[in-house]
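Please read this report with the sequence and the 3D view side by side. Each section takes up one part of the structure.

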Amino acid sequence: MRLSYKNEEARDSFLLLAPLFLLLALFIAFPVLSNFRFAFLDWKGFGTPKPVGLANFAAMFSSPMFRISLLNTGKLLLYIPVSVASTVLLAALLREGLRGWGIYRSILYIPNLLGPVIMGVVLAISLRDTGPFNSLLRGMGLDVLALDWLGSEHLSIHVVGLLHVVWVRLGFGIIYFLSAMSAIDPALYEAALMDGASWWKRFFNVTVPSVVFSIEFWTVLSFIEVFARMFGFIFSFTKGGPGFSTFTLEYGIYYLAFVNMKMGMASAWATVLFFFCAIISVAQLRLMKKREE
Amino acid sequence: MKRAGITNRIIYAVLSLASFAALFPLYHLVVTSLKSKTEYLDNTVGLPIAPTLESFRFIIVDGGMLGFFVNNLVLIPLGLCAYIAVCLSAGFAFGKLRFPFKLPLFLSVLFLMIFPQMLLAMQIFRLASSLGLLDSYLGVLLVWTAYFAPFGTYIMTTYFASVPFELVESARIDGASTFSILTRIMAPVASPMVGTLVIIGVQSMWNELPFSLLILRDGTKRTVALAIAMLKGEYGLRAPDLSAAVVLASIVPIALFLVFQKKITLGTLAGSVKG
C-alpha cells in the first residue's frame, strides 16, 4: 500500500532528521539529564556510584572554590558592557569608509581566526612577567605599568575578562555590527548632518538606535560566551590559576570531574550551570523569534 | 575642515593601536620561534640575531607534531562529511518539508545549542567508556558531529527556508522522491552555504578542545589543538619551542583565511546567531 502524499513527506522528514536527533539525544540530551541524577551520587569516574542525598550540594555551597568561581563569572559579566561599547564604537568608526578600513578589519579579525586555544597560549607567552609585553612597557619607561598580569590573584581574572570577553571577540563583533550598520538608511545621516549634529550626536541618535537589536543579540552571545564557551581559553591561558583565581563554573566542573575525579560533586556544579544556561537559551530563543517578526 | 582632520587622526590612532595589539603577539610568536633559547633570554622582543630552526626541528621531530597534523588530516575530513550530511538533511527537512511537530522539534534543536561542553563532558566520558569509544576516533567524530550539528542545522534551515518552493514542487510533480530532490536539486542549490558550513566546521573542529582532551587519552592520537594545549603544561616548554609549535598550528587557519577571506567573514555573519 502506498502512503498518501502527505504521510510520505512526513515519513521522509523524520528519516532525514533521524541522524541529528539520534546524536542529540545520545550526546547532548542524555548527558544533560544524567547530570541531575549524578548530582545526588558519589562517583569517582569508575566503579559503582553511591547515593549521597544532598551532600554534594551542601559541600558545593560551603566550598570557597564555588564562591570564587561564581564571583569570577560575575566579574567576567562586567566586561560585557565594555565589549558592547568598544565593538559598536570601532564598527561605527570603520563604517565611515576610511582609507584602508578593510585592512584594519582583517587585522582585527586575527585573534578570532586563531581560535581560543592558540590565542590562550600566545597571550600567556606575551604577558609573562618577563615577557615581551612588559619588556615593551619597560622599554618605553612605563615600568609602573609592567605588572605581573598572570601571577596576581587580583588581576588575573580581569586580564581574562579584558582579553577574552572584549579583545578576542572584537574582530568578529566588528564584522557583525558593520553588517548591521550597512542596513541603516543613509538619509538618516544626511538629515542629522543638515541639523549640524556632531559625530557623537549622530552616533548616539542615529547609529545606536538603528542597531539596538544587534546590540541585544551581541549581549546574549556574550553571556553565552562567559557561561558556556570559556573553557578552551582558560585551559590554555591560565589553567584556572594562580590558585583558583581564574576559575569559572565551567572550569570548576572540569577541575572537579577530571582532575579531582569527584564526578558527583562536579554534577552538582553542572546543575547550577544548567539553570544559568537554560535562562540564557530562552532569552536567545525569544530574541530570535522577535527578529523573525 | 580642520576639525575633520583631527577626528580622522584620532580614529587612525585608535585603529592603529588596536591593530598593533592584534599583530604584536603574532610578530613576537614568529621571531621567538626563530631564536635559540639562550638568545631569547637576552633578546625577548627584537628580531633574531642568529636565526635558527632548532625549535621547529624539536617540535616536529621530538614533539611529534607531524603526527598530530596527520591525525587532524584523518579526523577533520571524516568529521566534516558526517557534519555536512547531518546538517544538510536536517536543514532541508526543517526548511522545506511539512511534517507534524516541526516547530517544537526545531526549538529543541536551538535549545540544545547553548550547553557548554563541560556540562556534557562527564556523561559523555561515561557514555564513551561504556560504549568502548574512549581513545577512538569514532568517538570524537560522533561527539563533534552531535555538538556542532545544531548550529549547522540552524544556518542550513534558514538558508533552505529562503529557497523558492517551486523548485521542490516542480520536482515533486515530475515524480522525484524526497531524497533525490535533496541530492539532485537542493544540495547543488545550497552549495555556497555548504561552502560556508565547511569553513565553520573546519574552524570548530580545528580548535575543539575539551572533547578531544577527554576522549583521546593516548598521546599519539592527539589533535593539533590538544597537543598545543598539552605542550604548555606537560614539559614546562620554553617560549621558542612553544612559539614554533603555535606557528605550525596557526598555518592552516591563516592559510584558510587568506584563501577564503570573503567566505569566512560571511560564515562569521551566519555564525552571529550561533550558540
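## A phenylalanine facing two chains

Leaving aside residues up to four places away in sequence, A:Phe274 touches A:Val32, A:Asn35 and B:Leu119. The model in which these contacts are found is a predicted one. A:Phe274 belongs to helix H14 of chain A, which covers residues 263-292.

Is A:Phe274 buried or exposed? A residue is called buried if 20 or more other C-beta atoms lie within 10 Å of its own. A:Phe274 has 20 other C-beta atoms within 10 Å, so A:Phe274 is buried. A:Glu216 is 58 residues from A:Phe274 along the chain, and the C-alpha atoms of the two are separated by 22 Å.

## Chain A as a whole

Chain A contains 14 helices and 2 strands. Its C-alpha atoms fill a box of roughly 75 × 70 × 30 Å along the principal axes. Of the 293 residues in chain A, 45% are buried. Contacts in chain A between residues at least 6 apart in sequence can be sorted by separation: 70% of them join residues at least 24 apart.

## Where the two chains meet

On the chain A side, 74 residues are in contact with chain B, and on the chain B side 73 residues take part. Which helix gives the largest share of the side of chain A that touches chain B? Helix H1 of chain A, residues 5-38, does, with 20 residues. By class, this side of chain A has 56 nonpolar, 13 polar and 5 charged residues.

## The nonpolar core

The largest nonpolar core has 170 residues. The residues with the most contacts inside this core come from chain A, namely A:Ile253 and A:Trp269, and from chain B, namely B:Val143, B:Ile228, B:Ala245 and B:Val246. Helix H7 of chain B, residues 137-161, provides the largest share of the core, 15 residues. Domain 1 (1-52) and domain 2 (56-273) of chain B each give at least three residues to this core.

What does A:Trp269 touch, if residues up to four places away in sequence are not counted? The contacts of A:Trp269 are A:Met60, A:Phe66, A:Leu249, A:Gly252, A:Ile253 and A:Leu256.

## Two domains in chain B

Chain B is divided into domain 1, residues 1-52, and domain 2, residues 56-273. The C-alpha centres of domain 1 and domain 2 of chain B are 33 Å apart. Between these domains of chain B, 8 residues of domain 1 are in contact with 8 residues of domain 2. Helix H1 (2-33) and helix H2 (37-42) of chain B are the elements that give two or more residues to the domain 1 side of this contact. H1(B) gives the largest share of that side, 4 residues. The domain 1 side consists of 3 nonpolar, 3 polar and 2 charged residues.

Helix H6 of chain B runs over residues 117-130. At 1.5 Å a residue, its 14 residues should span 20 Å, and the end C-alpha atoms are 19 Å apart, which agrees. H6(B) bends by about 30° at B:Gln123. In this helix, 11 of the 14 residues are buried. Among them are B:Leu119 and B:Gln123, and B:Leu119 is also touched by A:Phe274. After H6(B) comes B:Gly132, with a positive phi near 70°.

Helix H8 of chain A has 12 residues, 170-181, which should span 16 Å at 1.5 Å a residue; the end C-alpha atoms are 16 Å apart, so the two values agree. H8(A) is mostly covered, with 9 of its 12 residues buried. The buried residues include A:Phe172, A:Tyr176 and A:Ala180.

## Positive phi in two loops

Most residues other than glycine have a negative phi. A:Lys239 is not a glycine, yet its phi is positive, about 50°. A:Lys239 sits in the loop between helix H12 (231-237) and helix H13 (249-259) of chain A. A:Lys239 counts as partly exposed because it has 19 C-beta neighbours inside 10 Å.

A:Met261 is not a glycine either, and has a positive phi of about 55°. The loop between H13 and H14 of chain A holds A:Met261. With 13 other C-beta atoms within 10 Å, A:Met261 is partly exposed.

Definitions and conventions:
Residues numbered from 1 in each chain as written. Chains lettered and ligands numbered in written order. Predicted model: local features only at pLDDT ≥ 70, side-chain atom pairs only at ≥ 80, totals over all residues. Contact = placed C-beta atoms within 7 Å. Nonpolar A, V, L, I, M, F, W, Y, C, P; charged D, E, K, R; others polar. Domains from an automatic or database assignment. Core = buried A, V, L, I, M, F, W, Y, C linked by C-beta atoms within 7 Å. Expected span 1.5 Å × (residues − 1). Bend = angle between axes of the 7 residues up to and from the residue.
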